[in-house]
Amino acid sequence: MSYVKLQLHDKGNHVVMDNGIARVTLSKPDGIVTGIEYNGIDNLLEVLNEEVNRGYWDLVWGGSGTAGGFDVIKGSNFEVIVKNEEQIELSFTRKWDPSQEGKAVPLNIDKSGSSGFYTYAIYEHLKEWPAFSLAETRIAFKLRKEKFHYMAVTDDRQRFMPLPDDRLPDRGQALAYPEAVLLVNPLESQFKGEVDDKYQYSCENKDITVHGWICTEQPSVGFWLITPSHEYRTGGPQKQNLTSHVGPTALAVFISAHYTGEDLVPKFSEGEAWKKVFGPVFVYLNSSTDDDNDPLWLWQDAKSQMNVEAESWPYSFPASDDYVKTEQRGNVVGRLLVQDRYVDKDFIAANRGYVGLAVPGAAGSWQRECKEYQFWTRTDEEGFFYISGIRPGQYNLYAWIPGFIGDYKYDDVITITSGCYIYVEDLVYQPPRNGATLWEIGFPDRSAAEFYVPDPNPKYINNLYQNHPDRFRQYGLWERYAELYPDKDLVYVVGSSDYRKDWFYAQVTRKKDNKTYQGTTWQIKFELKNIDKNHSYTLRVAIASATFSELQIRVNNANASPMFTSGLIGRDNSIARHGIHGLYWLFNVEVAGSKLLEGENTLFLTQPRSTSPFQGIMYDYIRFEAPS
């Protein structure tokens with residue numbers, strides 16, 4: 001945003017930043033954003049809320065698993081870091097001391113903001129402090145409900161939204177979990193019969209670049225959260241997080257267990273020092289005063305501003321030494337190829353593969369890494385990649401490629417120093433493979449989206465997802481399985497079945513009449529000829545998501561002891577939260593040739609855990625290979 005001479009006004013318990021276009025008011029020394037005055041509106045934030053519940057950083061800490069204490073972060077010390085005609089940067093710090101043990105999260109926290117406005121935070125845990133876990137941290141803005149009614153998350157995920165009042169018991173009916181509410185008597189009749197659930201608007205990290213709300217009244221105003229980098233988010237580019245939802249609320253989530261479970265909850269031990277910078281995130285305001293102009297133009301403008309911010313990353317303006325500037329960062333360039341002799345005798349360019357740097361670990365460990373920074377990009381059609389703006393440190397290079405199973409890891413540790421350009425020679429990924437493909441189900445892209453996603457129950461519709469590519473985001477799809485298969489489970493016949501029509505998107509439990517649930521066993525029938533009885537065949541099972549589930553595999557005898565069991569796996573909760581994937585699993589199962597039959601064979605895939613409708617497995621891809 002253009003600006004005139006910046007001004008800072010100290011009002012005692014509040015401080016006001018003013019650039020002639022917007023006035024941002026923060027409580028002092030708390031650092032809570034209590035007011036945003038813009039384009040003739042005295043406050044874009046919800047004035048009916050207490051000041052502490054308008055614009056704030058928060059976290060969930062301690063506890064076990066994904067639970068813990070909820071803490072709105074309030075500073076105890078205020079300081080002006082930068083003040084000149086072009087920039088104002090304020091700092092609100094909260095320091096921990098041992099007398100707070102068990103009462104406050106053992107972190108030093110420094111929240112900062114500058115004109116425009118940007119906000120970032122520095123979290124620090126000293127090694128002499130007690131152990132703790134950090135289940136979630138984020139920024140939240142609560143906007144005025146009488147003004148902001150139109151929400152935009154992506155180009156094809158935007159709509160007018162119901163009011164928060166419509167979710168209250170006298171107007172809404174809570175469904176299988178509290179986040180999902182059926183709107184039975186909304187204030188605006190157009191929403192009657194729809195389901196509202198904040199998880200229907202989740203996005204993958206790589207796609208959370210700009211989202212927010214539009215006030216369509218004249219003067220029309222847009223409120224947007226712009227995230228120009230994902231280096232400080234956990235779990236890699238496919239990790240899903242909340243965005244905007246009914247409130248109207250806009251979130252920037254940095255750490256969460258959503259769609260992953262406890263694996264993505266960082267746990268810090270006593271004696272472990274840690275410091276991390278989250279952000280900056282840009283809060284962008286725009287407006288259109290032309291009555292003939294479509295207010296939705298504000299979304300296009302916000303996307304343009306997002307591109308400006310991304311091109312400016314890493315920023316040069318943050319005053320903190322903990323934020324690493326452009327000249328202090330490094331770059332890595334290279335090319336990724338695939339070698340699979342059963343697909344092509346020559347090297348295959350890794351087309352649109354994901355390549356990233358994360359802390360050293362095993363292949364694939366990046367998807368559960370939740371303490372440090374990650375830097376990702378995608379290859380071009382020829383497999384070339386360029387990763388810029390990498391903070392100094394030691395990393396492994398990781399990759400995965402749509403169309404191929406498994407994870408790649410470059411063996412050498414890459415050391416990034418200030419200003420370095422590192423070229424890695426052609427990297428060759430050899431995906432798991434023993435023999436030729438005899439049959440396969442699905443496409444290996446770490447998602448179950450290609451499988452059969454049923455129409456929702458007409459009673460539980462979100463109109464946005466009618467005839468939409470993300471039809472899996474409708475509520476209650478898990479209940480459709482028992483309707484489609486009331487007596488017997490799914491049977492898939494290789495050669496005649498079509499996974500896009502005949503393979504249900506999730507192997508869920510079956511609801512029984514007495515409100516209990518039972519496990520399910522799916523069958524894959526396939527023909528074999530000229531079996532090699534002396535060698536083993538290989539079954540590859542890639543799983544896109546698992547929730548308190550177990551995979552048991554049997555061949556040609558449903559009552560035999562399983563030849564493979566995964567044990568209890570997964571806490572993704574992707575079935576309930578309308579995600580089509582969570583954490584990725586790959587199982588490689590040897591099948592003795594002596595167990596196979598000339599002619600028809602049957603694989604039995606059993607998911608026996610059955611205390612909830614949300615337990616189950618989403619498959620990514622299944623392949624059966626001949627002996628080497």
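Tyr323 counts as buried because its relative accessibility is 1%. Buried means under 20% relative accessible area, exposed over 50%, and partly exposed in between, with a 1.4 Å probe and protein chains only. This is a predicted model: local features need pLDDT of at least 70, side-chain atom pairs count only at pLDDT 80 or more, and totals for chains, interfaces and linings use all residues. Residues are numbered from 1 along each chain as its sequence is written, and side-chain values use heavy atoms, with hydrogens and water left out.

Stay with Tyr323. Its place is the loop between helix H1 (297–312) and strand S25 (330–338). Helices (H or I, at least four residues) and strands (E, at least two) are DSSP runs, numbered from the N terminus. Setting aside neighbours within four places in sequence, Tyr323 is in contact with residues including Val277, Gly279, Pro280, Trp313 and Arg391. Contact means heavy atoms within 4.5 Å. A polar atom of the Tyr323 side chain lies 2.8 Å from the backbone nitrogen of Tyr315. Tyr354 is 31 residues from Tyr323 in sequence, and their C-alpha atoms are 26 Å apart in space.

Now the overall layout. The protein divides into domain 1 (7–312), domain 2 (326–429) and domain 3 (437–625). These bounds come from an automatic or database domain assignment. Taken over C-alpha atoms, the centres of domain 1 and domain 3 are separated by 37 Å.

Domain 1 and domain 3 touch. On the domain 1 side, 27 residues are in contact with 25 residues of domain 3. Together the two domains bury about 2200 Å², with 50% of it on carbon and sulfur atoms. Tyr177, Gln200 and Tyr259 supply 27% of the area that domain 1 buries against domain 3, more than any other three residues. Buried area is the accessible area (1.4 Å probe) that two parts lose on being put together, summed over both.

A salt bridge needs a side-chain nitrogen of Lys or Arg within 4 Å of a carboxyl oxygen of Asp or Glu. Glu262 forms a salt bridge with Arg571, with the closest N and O atoms 3.4 Å apart. On the side of domain 1 that touches domain 3, strand S13 (residues 157–160) gives the most, with 3 residues.

Move to Asp489. This residue sits in the loop between helix H2 (480–484) and strand S36 (491–493). Asp489 counts as buried because its relative accessibility is 18%. Its side chain makes a polar contact with the side chain of Arg510 at 2.8 Å. The Asp489 side chain also reaches the backbone nitrogen of Thr521 at 2.8 Å. Beyond neighbours within four places in sequence, Asp489 is in contact with Tyr481, Arg510, Thr520, Thr521 and Trp522.

Finish at Asp412. Its loop runs between strand S31 (408–409) and strand S32 (414–416). Asp412 counts as partly exposed because its relative accessibility is 46%. Leaving out neighbours within four places in sequence, Asp412 is in contact with Tyr395 and Asn396. Pro360 is 52 residues from Asp412 along the chain, and their C-alpha atoms are separated by 9.6 Å.

Terms used
A polar contact is a pair of N or O atoms within 3.5 Å; within protein, one must be able to donate a hydrogen and the other to accept it, and residues adjacent in sequence count only if both atoms are side-chain atoms.
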